[in-house]
Amino acid sequence: MIVINFIVAVWVRILMVLDGLLALPRLLWMILTTKGPKGKGFGGKVGAALGNPKGQRLIFTFLRAFIPNLSLKAQLVKAYQNTGTVIVGRMADVQEVIARNEDFEVVYEPKMRKITGGANFFLGMQDTALYVRDTSNMRLAMRRDDVATLVQPPAAKQAAAIVAGLPGRIDVPQDLTLQVPTSMVQDYFGIDVGSRQNLIDGATRMFWYLFIDLAGDPAVEAEALRYAAICREAIAGSIDARKGHLKDDVISRCLALQTSGTPGMDDVGIRDNMIGLLIGAIPTLSKASILALDQILDRPDVLAQAQAAARSGDEAAVGQILFEGLRFNPLNPVIYRRSALDTVIAANTLRACRIRKGQMVMAGNFSGMFDPTALESPNSFRAGRPWQDYILWGVGMHVCFGDYINRAVIPAMLTPLLARQNLRRAKGADGQINSGGTPFPQHWVLEYD
Ligand code: HEM
């Protein structure tokens, strides 16, 4: 057995090196043949290729083989103070960075405080008593067993009604994947004061500012903070409206905790927790569904399997196919942290890497999910992989609070659409994902018979 293990381990590494070598000419070819934005020349082509998940995979394939932990003096992130950048590509090292909470800290606190107009939100907190208090409170209010009763059934019902009402053609984000999570936020979270569009635009703008705008664009901040004020007001209004009229929703449960004297559950505490959950919920579920479905549509055999599963009402099987699709283009390709000290990752290995205090550490979960030393045949599309092969929405202490909601709502939203005959992209530009200048899909038209 030891001999077989040794041979397999060596073989996997030889293949990794060969793959890494081949990745460079393939990347070059991709850059040369990619259409960049007009007037931007070769730089534009490079940008377009690197913005494409296939291009990113090629870079990571090279890095994993030859520079699995790349430490740079360059400060690629401008939005948060730092002393340089480290790009981490192997699954074990990604897991190590995320597991070492005390050494590699979340950086979101200053932006979280601007969004709430004061307090931090738990995703911006280190492993403190306050973090445990707030997440514990919110887990009492947003329970895992709600997924089977208050989350999945209404999502499935709404998605089915939307698709049934649109014979032949659907603008996926506008008609479906933004609508279902927004209804969840209104009916299940209980944020039902104010307009639906403000919830969608607000969550999108705030998510963009908090997590995506690494360049620190003042215009992105201004829009996010404008919407933060609107959303704070909508949540405060919803809290007031619930007092004396409790329902079976998250805000009502927070108010029940307030009545019992639970620390952290005063009106402002509830509002600040709810704004954090709102930001996570709408654009993410929409975009993740679309990225997954887009991968499925690129693979006719997989599409046929997904459609067969959808027609037989097997949402679990649809989910397995969609999550495997999302592995090929995850919404968050890296999870970033800042080093609190001078330290080493992957110690006692050939890829050990020194990290300076203050460096931003980009834990490449996208890369990790294609690491041949961690996953079986990572380049093959194989639905039903063990769940630990996936890092689709974080891992460890800050793993997505909506983890189980995502696992249920994404297939619930897409199953009725996948069940339609001859599902296909619309012809021309309409059938391509259009983000309308934001990092989130705004339009994407599909057709069916
Ligand atoms: C597919 C959709 C989603 C994706 C891709 C996603 C992505 C993520 C990621 C990557 C993280 C970890 C960030 C980090 O470690 O720096 C995270 C955390 C979080 N997400 Fe999501 N998310 C999704 C849906 C949701 C939903 C539906 C909710 C609300 C119920 C939500 C609320 C949160 C919260 C509150 C955290 C912080 C958890 C903590 O600090 O303990 N997310 N999400």
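Domain bounds here come from an automatic or database domain assignment. I looked up that assignment for the protein chain, and it gives domain 1 (1-66) and domain 2 (67-447).

Ground rules first: residues are numbered from 1 along each chain as its sequence is written, and side-chain values use heavy atoms, with hydrogens and water left out. This is a predicted model, where local features need pLDDT of at least 70 and side-chain atom pairs count only at pLDDT 80 or more, while totals for chains, interfaces and linings use all residues.

Next I checked the spacing: the C-alpha centres of domain 1 and domain 2 are 26 Å apart. The contact (heavy atoms within 4.5 Å) takes 13 residues from domain 1 and 16 residues from domain 2.

Then I looked up buried area, meaning the accessible area (1.4 Å probe) that two parts lose on being put together, summed over both. Domain 1 and domain 2 bury about 1400 Å² between them, with 65% of it on carbon and sulfur atoms. I noted R57, F60 and R64, which supply 47% of the area that domain 1 buries against domain 2, more than any other three residues.

Which helices supply at least two residues each of the side of domain 1 that touches domain 2? I found helix 1 (2-33) and helix 3 (53-66); helices are DSSP runs (H or I, at least four residues), numbered from the N terminus. Helix 3 gives the largest share of that side, nine residues.
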